[in-house]
Amino acid sequence: MEDELLLQLENVELCLEENIILHEASLAMRHGEFAYVIGRVGSGKSSLLKSLYCEIPIRKGAARVLGYDLRKIKRREIPHLRRKLGVVFQDFQLLIDRTVYKNLEFVLRATGWKKKDDIATRIEDVMTQVGMPNKGYKMPHELSGGEQQRIAIARALLNDPKLILADEPTGNLDPETSEQIVQLLHDICKDGKTVIMSTHNYAIVERFPARIIKCEYGILKNV
């Protein structure tokens, strides 16, 4: 359903090494929404995203993501949740010892894909979607930062997730390249994905308007 709630947090508390990062945090995201999580460095933006894929535990409150209760999720269930999410990191996190194609193939094989033709077709599809159809033979170091981030987005799309979490995806990029990456994420949202992007780049937020959630003083606020 178009109105489907993919994510719902209610009065959530996040702690890191006994320090409270966020408290009484509430957030709901529906199918096809785009939201920025903004705030100063250290305000809890990345911690919020990490909690959604179980990198940081949620101590209090209620939290559901893609049908999983994050307060009750079992360790063996976490990989299944992560396969339904696409995560894009600031520093790309590509495997530097293999080609772009082999980076993407590695993810597909690790998540249960077996047929070579199916793998090749899926890689071609996501590479085309991010505007990099002929770069599969390249090594990561042969690509610009913007190209590496496009590949990282392609990787996030491989298993056709409903929800994309982009953690400061423009943090290492120049302004022009940053705009291209954010435009790509908005295009992906228009194709039916829900996207949550953390950033402290307010120029980007003004250039590409969407819903804004602010992390400030340990609280989430809709702006």
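This is a predicted model: local features need pLDDT of at least 70, side-chain atom pairs count only at pLDDT 80 or more; totals for chains, interfaces and linings use all residues.
Visitor: How many helices and strands does the protein have?
Guide: Both are DSSP runs: helices (H or I) need at least four residues, strands (E) at least two. Here there are 7 helices and 10 strands.

Visitor: What radius of gyration does the protein have?
Guide: The radius is taken over C-alpha atoms, and the globule rule is 2.2 Å times the number of residues to the power 0.38. For 223 residues, a compact globule would come near 17 Å; the protein has 17 Å, which agrees. Its C-alpha trace spans about 45 × 40 × 35 Å along the principal axes.

Visitor: How many of the 223 residues are buried?
Guide: Buried means under 20% relative accessible area, exposed over 50%, partly exposed in between (1.4 Å probe, protein chains only). In the protein, 47% are buried.

Visitor: How many aromatic pairs does the structure hold?
Guide: Rings of Phe, Tyr and Trp (its six-membered ring) pair if their centres lie within 6.5 Å; planes under 30 degrees apart are stacked, over 60 edge-to-face, the rest tilted. This structure has 1 such pair. The ring centres of Phe34 and Tyr36 are 5.1 Å apart and their planes stand at 65 degrees, so the pair is edge-to-face.

Visitor: Are Phe34 and Tyr36 buried or exposed?
Guide: Phe34 is buried, and Tyr36 is too.

Note on methods: Residues are numbered from 1 along each chain as its sequence is written. Side-chain values use heavy atoms; hydrogens and water are left out.
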